[in-house]
Amino acid sequence: MALVMNINCREAVTLIGGFLDGTLARRERRRLEKHVAACDACREYLEQMRAIIAVTGRVGPEDLSDDALEVLMDLYDTYRRDLDESS
Ligand SMILES: [Zn+2]
């Protein structure tokens, strides 16, 4: 695993919600941006979340309940599997 990842992908995914609605602390945002810059999967995930927001208008904390997070992680795992299979 690359050393650039001071946070792991699962952490990044949990931070992305706050990143997108602007509630993330500046320090956490920087950590996330660093990770996303180095991680294709999370960058793609962030783009997907932005696309979802463009459609739904917003993503609030209530949209990132544990259940919602599990759904997102499933999507994310599927995406990672697709990446592995296509490479
Ligand atoms: Zn990642």
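The chain has four helices and zero strands, and from the N terminus on its elements run α-α-α-α. Helices (H or I, at least four residues) and strands (E, at least two) are DSSP runs, numbered from the N terminus. This is a predicted model, in which local features need pLDDT of at least 70, side-chain atom pairs count only at pLDDT 80 or more, and totals for chains, interfaces and linings use all residues. Residues are numbered from 1 along each chain as its sequence is written.

**Confidence**

The predictor's confidence in each residue is given as pLDDT, from 0 to 100. The mean pLDDT of the chain is 77, and 76% of its residues reach 70 or more. Among the elements, helix 2 has the highest mean pLDDT (92), while helix 4 (residues 66–86) has the lowest (71). Over residues 1–5 the pLDDT is below 50, and this stretch has five contacts in the model beyond near neighbours in sequence. Two residues are in contact if their C-beta atoms, placed from the backbone, lie within 7 Å. Where pLDDT is low, the predicted coordinates should not be read in detail.

**Burial and contacts**

A residue is called buried if 20 or more other C-beta atoms lie within 10 Å of its own, exposed if 12 or fewer do, and partly exposed in between, with C-beta atoms placed from the backbone. Buried residues make up 14% of the 87 residues in the chain. Among contacts between residues at least 6 apart in sequence, 69% join residues at least 24 apart.

L15 lies in helix 1 (residues 9–21). This residue is buried because 21 other C-beta atoms lie within 10 Å. Not counting residues up to four places away in sequence, L15 touches L24, E28 and L32. L15 and E28 are 13 residues apart in sequence, and their C-alpha atoms are 7.6 Å apart in space.

**Helices 2 and 3**

The expected span of a helix is 1.5 Å times one less than its number of residues. In both rows below, the span runs from the first C-alpha to the last.

| Helix | Number of residues | Span | Expected span |
|---|---|---|---|
| Helix 2 | 13 residues | 19 Å | 18 Å |
| Helix 3 | 17 residues | 24 Å | 24 Å |

The buried residues of helix 2 are L32, H35 and V36. They cover an arc of only 100 degrees around the axis, so they are on the same side of helix 2. The arc is that of the directions from the helix axis to the C-beta atoms. On the other side of helix 2, R26, R27, R30 and A37 are exposed. The buried residues of helix 2 pack against helix 1 and helix 3.

In helix 3 (residues 40–56), the buried residues are C42, Y45 and L46. These cover an arc of only 100 degrees around the axis, which puts them on the same side of helix 3. Exposed on the other side of helix 3 are D40, E47, A51, A54 and V55. Just after helix 3, G57 takes a positive phi of about 100 degrees.

**The nonpolar core**

A nonpolar core is a set of buried Ala, Val, Leu, Ile, Met, Phe, Trp, Tyr and Cys residues joined through C-beta atoms within 7 Å. The largest one has eleven residues: A12, V13, L15, I16, L32, V36, C42, Y45, L46, L72 and Y76. Helix 1, helix 2, helix 3 and helix 4 are the elements that give two or more residues to this core. Helix 1 gives the most, with four residues.
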